[in-house]
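Hello,

Here is the structure I promised to send you. Have a look at it first, and then read my notes below with the model open beside you.

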Amino acid sequence: MEAEKKNNLREIITHSAEETIAFGRTLAELLSPPKLVLLRGDLGAGKTTLVKGIASAFEAAAEDDVTSPTFTLVHEYRGPRANLYHIDLYRIDTPRDLETLGLDDLRSDNSILLIEWGEKFPRLQWDVEIALERDGENVRRIEVRE
């Protein structure tokens, strides 16, 4: 992993899924609840892989138990320090559809909402934005912006 920090932006390049997971583990302090986190990136960019590390760091789920919520829309992982909600808005098209998910009901003092494809809904207010970009088969450029 190669890391660089500029102001409120942290940038890292990972060279494998394992390094992306490991970087996710390092984000636990930054993501202390309550937080609303935008996970931005194309299909296959590594968003769910990063969530594996985050969930592991919060002891909310084993890495192998974290899967993409593309069809279920929301996966919940409960840990001793935080409840993580991994949310995929790829198939949500309208503000009305978004309302039916009840995201406001998931927000609490010990919750972290990790939202994929949330950029489709600009009214959502992020605490942290994490952008993942493929830069080769296994290489990922990850930018964390507070």
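Let me start in a loop. Glu 63 sits in the loop between helix 2 and strand 4 (74-78); helices (H or I, at least four residues) and strands (E, at least two) are DSSP runs, numbered from the N terminus. With a relative accessible area of 24%, Glu 63 is partly exposed. For that label, buried means under 20% relative accessible area, exposed means over 50%, and partly exposed is in between (1.4 Å probe, protein chains only). Leaving aside neighbours within four places in sequence, Glu 63 is in contact with Ile 21, Arg 25, Lys 52 and Ser 56, where contact means heavy atoms within 4.5 Å.

A word on what you are looking at: this is a predicted model, in which local features need pLDDT of at least 70 and side-chain atom pairs count only at pLDDT 80 or more, while totals for chains, interfaces and linings use all residues. Residues are numbered from 1 along each chain as its sequence is written, and side-chain values use heavy atoms, with hydrogens and water left out.

Glu 59 lies in the loop between helix 2 and strand 4 and counts as exposed, at 56% relative accessibility. Its phi is near 55°, a positive value in a residue other than glycine. Leu 73, also in the loop between helix 2 and strand 4, has a positive phi near 75°, but Leu 73 is buried, with a relative accessible area of 16%. The peptide bond from Pro 33 to Pro 34 is cis, with omega near 0°, and Pro 34 is in the loop between helix 1 and strand 3. Why point these out? Most residues other than glycine have a negative phi, and most peptide bonds are trans.

Now for the inside. The largest nonpolar core has 28 residues, and those that touch the most other members are Leu 27, Leu 31, Leu 50, Phe 58, Leu 84, Leu 114 and Ile 130. (A nonpolar core is a set of buried Ala, Val, Leu, Ile, Met, Phe, Trp, Tyr and Cys residues joined through side-chain atoms within 4.5 Å.) At least two residues of this core come from each of strand 3 (35-40), helix 2 (47-57), strand 6 (111-116), strand 7 (128-134) and strand 8 (140-145). Helix 2 gives the most, with five residues. There is also a second, separate core of 15 residues, which includes Ile 87, Leu 103, Ile 115 and Phe 121.

Helix 1 has its own buried residues: Thr 20, Ile 21, Phe 23 and Gly 24. They are on the same side of helix 1, because they cover an arc of only 160° around the axis, taking the directions from the helix axis to the C-beta atoms. Strand 2 (9-14), helix 2 and strand 8 are among the elements that cover them. Thr 20 counts as buried, at 2% relative accessibility. Beyond four places in sequence, Thr 20 touches Thr 14, Gly 46, Thr 49, Leu 50, Arg 140 and Ile 142.

Over in strand 8 you will find Val 144, which counts as buried at 2% relative accessibility. Val 144 and Ala 131 are 13 residues apart in sequence and 6.6 Å apart in space, C-alpha to C-alpha.

Asn 83, in strand 5, counts as buried too, at 9% relative accessibility. Not counting residues up to four places away in sequence, Asn 83 touches Tyr 77, Arg 78, Asn 110, Ser 111 and Ile 112.

Enjoy exploring the model, and write back with any questions.

Best wishes
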